[in-house]
Amino acid sequence: MFLLQTVCVCVCVSVSVCVSMQHYPAAWGHYDVCKSQIYTEEGVTWDYMACQPEATDMTKFLSVSLDPPNITCGDPPETYCALENPYMCNNECDATTEELAHPPELMFDFEGRNPTTFWQSTSWKKFPKPLEVNVTLSWNKTIELTDDIILTFESGRPEQMLLEKSLDYGKTWTPYQFYATDCLDAFNMDPKTVNELTQRTLLDIICTEDYSRGYVWKYDKTVRFEIKDRFALFAGPRLHNMASLYGQLDTTRNLRDFFTVTDLRIRLLKPATGSTIVDENNLSRYFYAISDIKVQGRCKCNLHSNSCVYDKEKGRLGCECEHNTTGPDCGRCKRHYHGRQWSVGSYLPIPKGTANICIHSSHGPVNRANASSLGVANRNQARVCDGAMLRCQNGGTCHHHQRCHCAPGFTGVLCERARCQGPGHCEEYPSSGQESVHHPLLLHRLHLFLQVCHGLLALLLPQGVMVFSFC
Ligand SMILES: [Ca+2]
């Protein structure tokens, strides 16, 4: 009776929260909480979950560089003509006058004003030598792209362009996508569109003519790299099945790496000419001008952090690591927490994933590279378990505050996880041999949550979805 009443209160309150906050099916985990306290009948303990920072506008955190470095217009001042009308020459660029200067940062300022603000290159005055510019965006941090990259050109869109990515801070580059009015002619590639890609060919690098043809630029100024269309190959056209995408990202390293970058490089290879013939008598019609670049993404923290902060002194982003991990990407275990090999967190099982936390060195081989650090470890050896906050779960018993001896069928530092063969789905799809173990576990957890539902609700209100899925 008590249980039923509690269910009713929790669901009713939570639904009212979720109505306004839930944008996605509850089955899709948000992974915005790294750990939460669980109130058990015997005390309080931690439950660890896979977590990641929220996706955000990553252009706030990048540095931009141009190659050649002196390719920005205005030094000396130049007058430009319109591409579609060589007699309309009212575009002035002067680096020494603020109103007439077009520095690179105007690709990333707040847009929405009229006229727009934009970076502009020098004109193609050295024709027939190619007018080529590399625009490099560097984060000094590994990031994961979550939405389309969108470039808005204030002049005509380039007739030839290449978008590249780096995963090693600009040491090596690989193509992301080729863009041309004629792919065969420019890059010896057959033209393709992202819609022709399949799950099997998703990682193929294509050349598209979608964003270069025609120069009716007042209506069609953007060049895209289509992230969402690629996501949709797994998650469905409206991304309603993100669980499927997360499952794939979890198990396919190449797929995860495909959307991961430290740098992007836009290689502008040929400006818009609007014709097959370049008007050599009026080269001030040809130039590049970009008013806006959009890059949405999140810090890569290997599912060990839900927060990423910009350190102004270091000039770089860094994950605020949980799960006893450390490093800019939470890519290794903290000192004294090498009880087992570091491992990336897992999106599975959905919605909470698996934290794969680093455990104390006393649970495994100790790195003896530094004798003094070992001494510190011995003096201040952290408790792995106790009778209060760090209570062994699911029938496990705590030995010398250093190790939980788990009941059969359970594993984890605090015996918090059911022992599974292979990744995920234990709780949703228990095998016949495990059913008798999992069923009581779920009931036990449900009971615990219901007991403290009011407390949790207050604690997790900002994560309304989590509340809903818990309660
Ligand atoms: Ca701008």
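**Reading a sheet and a helix pair**

Mentor: In this predicted model, residues 24 or more positions apart account for 64% of the contacts in the protein with a separation of 6 or more.

Trainee: How many helices and strands are there in the protein, and what percentage of its 471 residues count as buried?

Mentor: The protein has nine helices and 24 strands, and 38% of its 471 residues count as buried.

Trainee: In what order do the four strands of the open sheet stand?

Mentor: As a general idea, strands of a sheet pair through backbone hydrogen bonds, and this pairing is either parallel or antiparallel. Here the order is S7-S15-S9-S13, in an open sheet with antiparallel pairing. Strand S7 (119-120) and strand S13 (222-225) stand at the edges with a single partner strand each, so one side of each has no neighbour in the sheet.

Trainee: How many bridges join strand S9 to strand S15, and which residue in S15 stands opposite leucine 151?

Mentor: Strand S9 (residues 149-153) and strand S15 (residues 289-294) run antiparallel and are joined by four bridges; the residue in S15 that stands opposite leucine 151 is isoleucine 293.

Trainee: At what angle do the axes of helix H3 and helix H4 cross, and which residues meet there?

Mentor: In general, two packed helices are described by the angle between their axes and the distance between the axes. The axes of helix H3 (residues 227-235) and helix H4 (residues 242-251) cross at roughly 100° and come within 7 Å, and H3 and H4 are therefore roughly perpendicular to each other. From H3, Phe231, Phe234 and Ala235 meet Met242, Ser244, Leu245 and Gln248 in H4; by class, this contact has five nonpolar residues, two polar and no charged ones.

Terms used:
Residues numbered from 1 in each chain as written. Predicted model: local features only at pLDDT ≥ 70, side-chain atom pairs only at ≥ 80, totals over all residues. Pairing = 2+ DSSP bridges. Helix = DSSP H or I, 4+ residues; strand = E, 2+ residues; numbered from the N terminus. Axes fitted to C-alpha atoms, helices over the stretch in contact; angles between N-to-C directions. Parallel < 35°, antiparallel > 145°, perpendicular 65-115°, else oblique. Contact = placed C-beta atoms within 7 Å. Nonpolar A, V, L, I, M, F, W, Y, C, P; charged D, E, K, R; others polar. Buried ≥ 20, exposed ≤ 12 C-beta atoms within 10 Å, placed from the backbone.
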